[in-house]
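Welcome, and please open the model in your viewer. We will go from stop to stop, with something to select at each one.

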Amino acid sequence: MNQNNNKADQDKLLHEGLEFFGAITASVTHELNNVLGTIDQISGLLEDLAVSSEHESAVTEEQMNSIAERINKQTARGTKLVKRLNTFSHSSDTSSVDFNIYNAIENLTSLMKRLVGIKKINLELSTPNEEITVTGNTFFLLQAVFLAINRILPFVKQGTTIEIALLERSNSAVIIVKAEHENTMAELSICSSIKKLSSALAGSFEEDIGDESYECKILIPMSK
Amino acid sequence: MAQTKVLIVDDEKDFADALAERMRSRNLEVDIVEDGLKAIKFVTDKSYDAIVLDLVMPGMDGIETLKQIISIKPGLQVILLTGRGSVEKGVEAIKSGAFEFLEKPVNFENLLDKISRAKSKKDALTEEHTSDMINEILKRKGW
């Protein structure tokens, strides 16, 4: 019976991991589509100018520079997105590695900005006082943070900020996710998935659901 | 001939700006807003021939914006732009009263054609409505 439960739990985590990966890639590729669509229209503008220059005045250097600048802006935006997605994709390369948790979570929150921004909610990650390195599965940690953010997201008012803080406490890295909510979280049961992911990282998970505020802590032992 | 008036509703400013610029070079009159709430205000205050509306926007989404626009200006035609993976939403949009939905990246000439057809449909509906009103008045007067 225990074996069946363990398998069911593992299957659930695997499925949630795929959902997490899918949510991030869907959001980022949607943004990339916007970038390409914008480049498409700007280059169309160039075509229009070329056609009109046959009958009217020639295209000016100023117009050409303006168009080039606009295209460069979009390619820079697209390049940044691809780099971040690539970094995220590589988070599942190895099951255990030393990594800087600020860098990993900063990349995740940057990729999640659009997902969260659609609901007119802000995501703010504060910089820790010093470098915090842990040893473990980067993907699991990111999945745990993603689940924590998604947990509070439905209950947060538009215009609110979900804050993420990182600090060191007694040789553990502590990731705190907190936000104010609209007094509707009371009935939530403990999130078993975040608990399991924290355990897989040899850590633990704590949660405090207040009347109007939510705070959860993911504690991971720091690298020796 | 009166200029075709279009409202672009899209939170992607650079995309909307480029699209508007191209439309203006084709002699269309274009306004841009970045969200559904502003779109509703503009539609209430000004007369447009067609709306080009992004499906996914922060706050009020495209479907909700579409429904509100139609309730304020029933004859006004709305063309929805959808990203990949939201074609089902596009179908939902048609069922909710959208004139057409196009996938991004959008073919500009195709979009212009849709806008022209949307304007024709709006004009036809306005004429029909005016004709119905006149007939109603004539009937009441017994003429």
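Start by selecting I24(A), F88(A), I101(A), I149(A), I162(A) and I175(A): within the largest nonpolar core, which has 54 residues, these have the most contacts. A nonpolar core here is a set of buried Ala, Val, Leu, Ile, Met, Phe, Trp, Tyr and Cys residues joined through side-chain atoms within 4.5 Å. Buried means under 20% relative accessible area, exposed means over 50%, and partly exposed is in between, with a 1.4 Å probe and protein chains only. Now colour helix α4 of chain A, residues 138–152, which gives this core its largest share, 10 residues. In soluble globular proteins, nonpolar side chains tend to be buried together.

A word on what you are viewing: this is a predicted model, in which local features need pLDDT of at least 70 and side-chain atom pairs count only at pLDDT 80 or more, while totals for chains, interfaces and linings use all residues. Residues are numbered from 1 along each chain as its sequence is written, chains are lettered from A and ligands numbered from 1 in the order in which they are written, and side-chain values use heavy atoms, with hydrogens and water left out.

Zoom in on I162(A). Which residues is I162(A) in contact with, leaving aside its neighbours within four places in sequence? Among them are I121(A), L123(A), I149(A), I152(A), L153(A) and V177(A). Contact means heavy atoms within 4.5 Å.

Next, select A16(B), L28(B), V30(B) and I115(B), which are included in a second, separate core of 20 residues.

Now show chain A as a cartoon. Chain A has 5 helices and 7 strands, in the order α-α-β-α-β-β-α-β-β-α-β-β along the sequence. Helices (H or I, at least four residues) and strands (E, at least two) are DSSP runs, numbered from the N terminus. The radius of gyration of chain A is 22 Å, well over the 17 Å that the globule rule gives for 224 residues, so chain A is more spread out than a compact globule. That radius is taken over C-alpha atoms, and the rule is 2.2 Å times the number of residues to the power 0.38. Along the principal axes, the C-alpha atoms of chain A fill a box of roughly 80 × 40 × 40 Å. Of its 224 residues, 41% count as buried.

While chain A is on screen, pick K120(A), in the loop between α3 (101–117) and β2 (122–125). Its phi is near 60°, a positive value in a residue other than glycine. K120(A) is partly exposed, with a relative accessible area of 35%.

Switch to chain B, where the pattern along the sequence is β-α-β-α-β-α-β-α-β-α.

Select N27(B) in the loop between α1 (13–25) and β2 (29–33) of chain B. Is N27(B) buried or exposed? At 52% relative accessibility, N27(B) counts as exposed, and its phi is near 70°, a positive value in a residue other than glycine.

For the last stop, go to P105(B), in the loop between β5 (100–103) and α5 (108–141) of chain B. A cis peptide bond joins P105(B) to K104(B), with omega about -5°.
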